[in-house]
Amino acid sequence: MSEEMYSVEQVADRLGLHVRTVRGYIRSGRLKAVRIGKQYRIARADLEALTGRPQSPSARPAGAVEVSSIVQIDGVDRASADRIGTLVQAEANGAPHPLRIQTVHDEERSRLKIVILGGAAATAEVLHLLDAVLEGDNGLLAEEPGDA
C-alpha cells in the first residue's frame, strides 16, 4: 500500500504559500520530505503534521475562492493596535473556515497593517467588523475629548 505523496508545488498550492517558502520549511526541518532525484516529495502524513489538520485529495475544491487583503490603519498607538489585533483574531477564529491573520504595528509611523488570507465571506465579515469598530464617534480611533 503506497502513501499519497505531494510535490513541493502541490503543497504550496494547498497551503497558499510560495514554493520557496515550502522548500525553506523542508530545509529547516519544519516539513519532512523525501528527495527523489532533484525533487522533493512530501507524504500526506507529514503535511498533516505540519498543518495540524487532515489533508484530503479535495482539500481545495475546484472553484474555491481565497482572498488576500491588506488593511492599513494610520494613527494607531501600540495599545490600540493590540486591541484591534485581538479583536480581529477572535473574529477570524470564530469563522467556519478560519482565516490566517497577521498584524504588524509600525510604532514610528503609528500605523497598523493587517494581512487577511482566507475565504471571501469570512474576510468580508472581518472587514465589516473593522469598519464598524474604527468608524464613527465611538470608534477605537475616535478623538478623546480634549484631543482637538
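Tutor: Let's start with a term we'll need: two strands count as paired if DSSP finds at least two bridges between them. Keep in mind, too, that this is a predicted model.

With that in hand, the sheet is open and has 3 strands, ordered E4-E6-E5, with antiparallel pairing. Strand E4 (67-74) and strand E5 (100-106) sit at the edges with a single partner strand each, so one side of each has no neighbour in the sheet. On average, neighbouring strands here are turned by 10° against each other, ignoring direction. As background, strands in a sheet pair through backbone hydrogen bonds, and that pairing can be parallel or antiparallel.

Now look at how E6 is held on either side. E4 and strand E6 (residues 111-118) run antiparallel and are joined by 8 bridges. You can pick out individual partners: Val-71 is bridged to Ile-114 of E6, and Ile-70 has Val-115 of E6 as its bridge partner. Towards E5, 7 bridges make the join to E6, again antiparallel. There, His-105 has Leu-112 of E6 as its bridge partner. E5 and E6 form a hairpin with 4 residues between the strands, and Ser-110 takes a positive phi near 50° in that hairpin.

Next, the faces. In a regular strand, side chains alternate between the two faces of the sheet. For E6, the covered face carries Leu-112, Ile-114, Ile-116 and Gly-118, while Arg-111, Lys-113, Val-115 and Leu-117 belong to the uncovered one. So what lies across these strands? Helix H5 (residues 120-134) lies across E4 and E6, and runs at about 10° to E4.

The largest nonpolar core has 16 residues, and Ile-73, Ile-114 and Leu-130 are the ones touching the most other members. E4, helix H4 (78-93), E6 and H5 each contribute at least two residues to this core.

Arg-30 lies over the face of Tyr-25, 4.3 Å from the ring centre, and Arg-35 lies over the face of Tyr-40, at 5.2 Å from the ring centre. As for aromatic pairs, the structure holds 0.

Key: Residues numbered from 1 in each chain as written. Predicted model: local features only at pLDDT ≥ 70, side-chain atom pairs only at ≥ 80, totals over all residues. Heavy atoms only, no water. Axes fitted to C-alpha atoms, helices over the stretch in contact; angles between N-to-C directions. Contact = heavy atoms within 4.5 Å. Phe/Tyr/Trp six-rings, centres within 6.5 Å; stacked < 30°, edge-to-face > 60°. Lys NZ or Arg CZ within 6 Å of the ring centre and 35° of its normal. Buried < 20%, exposed > 50% of the residue type's maximum accessible area, 1.4 Å probe, protein only. Core = buried A, V, L, I, M, F, W, Y, C linked by side-chain atoms within 4.5 Å.
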